[in-house]
Amino acid sequence: MDVETPPPCPKEPPKIHRLDQSVVNRIAAGEVIQRPVSAVKELVENSLDASATSISVVVKDGGLKFIQVSDDGHGIRYEDLPILCERHTTSKLSAFEDLETIKSMGFRGEALASMTYVGHVTVTTITEGQLHGYRVSYRDGAMENEPKACAAVKGTQIMIENLFFNMSARRKTLQNSADDYSKIVDLISRFAIHHINVGFSCRKHGAARPDVHTVATSSRIDAIRSVYGVVVARDLLSITAAENDPSRPVFEMNGFISNSNYSAKKITMVLFINDRLVECTSLKRAIEVVYTATLPKASKPFIYMSIVLPPEHVDVNIHPTKKEVSLLYQESIIENIQAAVELKLRNSDTVRTFHTQTTHPSTSAPLGARRDNQINSSDPVSKSQKVPVHKVVRTDTLDPMGRLHAYLPAKPPRQQGGNSCLTAVRCAVRRRRNPKESADLTSIQELLSEIDSNCHSGLLDIVKHCTFIGMADDLFALLQYNTHLYLVNVVNLSKELMYQQVLRRFAHFNAIQLSEPAPLPELIMMALKEDVDPECSENDDLKEKIAEMNTELLKQKAEMLDEYFSIHIDQKGNLSRLPVILDQYTPDMDHVPEFVLCLGNDVDWEEEKNCFRTISAALGNFYAMHSPLLPNPGENLQFYKKEKQLGTREDKRDGCKSLEDNSAMENEIDEELISEAATAWAQREWNIQHVLFPSMRLFLKPPNSMATNGTFVQVTSMEKLYKIFERC
Ligand code: ADP
Ligand code: MG
C-alpha cells in the first residue's frame, strides 16, 4: 500500500524563547569587559573608590591568563562577600537620583559580576581592625565556596584567571593581538599622573622590574616625569582655565601641555573629567588645531588635562564602559580651553613660528572654530573671516522646492594648513559678549515667572528623574519613570524647552554663523511656496509682495533681533547669524524659510512682552527636534526606490533613458539619498538622547498643558506588565 507523503509544510517561524539567565549575563558581561584592559580599569577604579593609596597590577599573557590588582583600601565586609559579585550589587548608589551627583567611578555594580561570567575571580580582603582576612572564589555571580579565613595585608586583592575562557571567539581575536599588555601599561600610566596621591605599579608576571612605578607625591610634574620620562616632563607648560560667571557654563581646568621643543609621532591626550578617565574627541581635535596652527613642528602634543564641572552637568551613564561622558555646554567649554591653550602657546618664549605666521593673515576658511561668540568688528581677522564649512547653508538646485540643508559633516573636516587653522584659533578666542542689563527687562522676568508658576509639579518630577529608553516611533520617545512607562512627544517637548531657554539666555546668546548670508525675500518665497500648491504660480505676484513687505519689516527690527536674540539681518536683508539655544545643537536648516515667514507673520511687534514671547516661540518652533524632511528609511523604503522619483527629482539626470531602462530600475534604491536620510535620522536620535534629555532634566519646567494635550501619555506600569507576563 502506498503511503501518501504529507505536503511539505511551509517554513514555520522560529519559536521565540526566553534566554537562559546565565546566557543573558554572559552577553551583558561581554559588553562591560570587552578586553583585559577593561577589566583592569574596573578593578583599579574600585581600588580608587576604596580610598587606596597604593595599587599594584600584575598581568600574565596580556591579561588573558592572569590579572591581579592589589590595593590597600578599606576592604570588603565579610557579610557583603556572598553578594559581592551578583549583578547590580553596589555600595555606591542607592537611588537613580544619586547618579546626578555621583563622585565614585563605579555605580552600576556590574564590573565584578561581569568578570565572574567570563573568568575565574578570587577575592582576598581584610577590613580595618580584623585579625585575619578572607579569601573566596566566584563563578557566574556566586561564591564557589564559603569564604576561608587567611592571612592578609591591608586592603583587597582581586585575581582574574582565564579571562574569556568561555568565549572562544573573543579569546582567539585577543590572543592574536599582542598589544593588550601595552594598553594596560598605558592605562596605569594615565591613572598614575592624575591620582598623584596614590602609588601605582604595573608589571608582567615574573618580571623583575615594573613597567610603571610611582610613589605618592604632591607634584604632578614629578609624577609625569617618573611615568613618561624626563624628555616629556622638561617640555611641559602648566595651564589653567576656568569660567566662574554663573550665567555661563561653570568649569575649571588645569593641566600640562607640551611646548615647541616636544616632538612625537602621535598626540597623547590624558583627560580626566571630574576625576574620570575619559575620551573627548572634539576637545582633542580642537587642541590639535591650535598646535598645527601655532607650532607646526610640534603638532603632536602631549596633553594632560583635568576638568572639573558641577556633577549634574555630566552624564556619566552614556557608555557601557564609562569611557565617554556626555557634557552639557561641551562646545562652549571646548572653546574656552582652546583659547587658553592658544594664549599659553603664544605667550611661551619658545614659540617662534607663530609670530612669523601672523604677518601673513590667511584668507582661507577657518575650519576649527565651531561657535562664534560676539564678532568684534575691530578685529581684522574676523572681518576677512569666512564661515566654517560645516555651517554652510546650501540650496539644492535639483530640488524643485529649493530645499535648504544644513550639511554638518559627521566629523569636523581635517585641517589643511597652518594658516587656515590660525584663523580658526583666532576666531575661537574672540571676546565674549558682555552680559547686558537688558536681561533685566521686566517683560522677560514676567515671562520667566509665568513659566515657573505654570509648571506642572508631577511632570517636573518625571522629566527630572526619567530614563530615556528609546524612540517608539518618529514622534514619541519611550521613558521610564519609577515603575511607569510614558510616551512623550519629543517635538512638543523640545519646542517648549527651546522656548524657555531662549528666554533664559535672552541677550546672552552665542551665535551660529551662516556661511553665506541668506536673502530674506528668497527664504520667504520658499516658505510661501511650500505653504500652498508649489505648481500653482497664479499668486506669485502676491507672494512676492508679501516677501518684500516682510523683509522690510524685519530689516526695521534688525537691531533688536540682533541684540536680544542674536538673529542677525544685514542692511541688504540677508540673514547671517542665528542664536545658540542649546550648546552642541544646531537646528535643522530646512526650517529656516518657515521660521523667517513666521517672524514676519506671527510676531506681535506692538507690545513688548508679547513681542518677546512670540519671537521666542518662533525660535522654539524652529529649533524643535522635528522629524527630518526625508522620510525615515527604516519605515519608508518605497520612497527611496528610484522608479518612484522618475519625473521629479531624478528626471534631470535620467530624463533621456528609455522606458525599459526605467523599469529595470524599478527596485533600485537611491543609496545616496537613503544614506543622507539615515544620517539625518540618526543625528536626530542622538540629539534627542544626548542633548534634549540631559538639558531637559536640568532646565525644562513642563507647563500644565502638557499633562492633557497628549505630550505625555502613560502607557503602562511595570507592575501591570509583570502581571501580564505572569499570566502568559
Ligand atoms: P561598582 O563599582 O559599580 O559598585 P563593582 O562590581 O565594581 O561595582 O563592585 C561592587 C562592589 O564591591 C563595590 O560597590 C564595592 O563596595 C566593592 N568593591 C569592589 N572592589 C573593591 C575593592 N578593591 N575594595 C573595596 N571594595 C570593593
Ligand atoms: Mg566598580
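Ala 39, Glu 42, Leu 43 and Asn 46 of helix H2 meet Ala 111, Leu 112 and Met 115 of helix H3, where contact means heavy atoms within 4.5 Å. Helices (H or I, at least four residues) and strands (E, at least two) are DSSP runs numbered from the N terminus. Sorted by class, this contact holds five nonpolar, one polar and one charged residues; Ala, Val, Leu, Ile, Met, Phe, Trp, Tyr, Cys and Pro count as nonpolar, Asp, Glu, Lys and Arg as charged, and the others, Gly among them, as polar.

The model is predicted, with local features needing pLDDT of at least 70 and side-chain atom pairs counting only at pLDDT 80 or more, while totals for chains, interfaces and linings use all residues. Residues are numbered from 1 along each chain as its sequence is written, chains are lettered from A and ligands numbered from 1 in the order in which they are written, and side-chain values use heavy atoms, leaving out hydrogens and water.

Back to our helix pair: the axes of H2 (residues 36-49) and H3 (residues 111-118) come within 10 Å and cross at roughly 145°. Axes are lines fitted to C-alpha atoms, for helices over the stretch in contact, and angles run from 0 to 180 degrees between N-to-C directions.

Now turn to the sheet. Five strands form an open, mixed sheet in the order E10-E11-E14-E12-E13; two strands pair if DSSP finds at least two bridges between them. At the edges, E10 (236-243) and E13 (276-278) each pair on one side only. Helix H5 (residues 180-194) packs on this sheet, touching E12 (268-273), E13 and E14, and its direction makes about 55° with that of E12.
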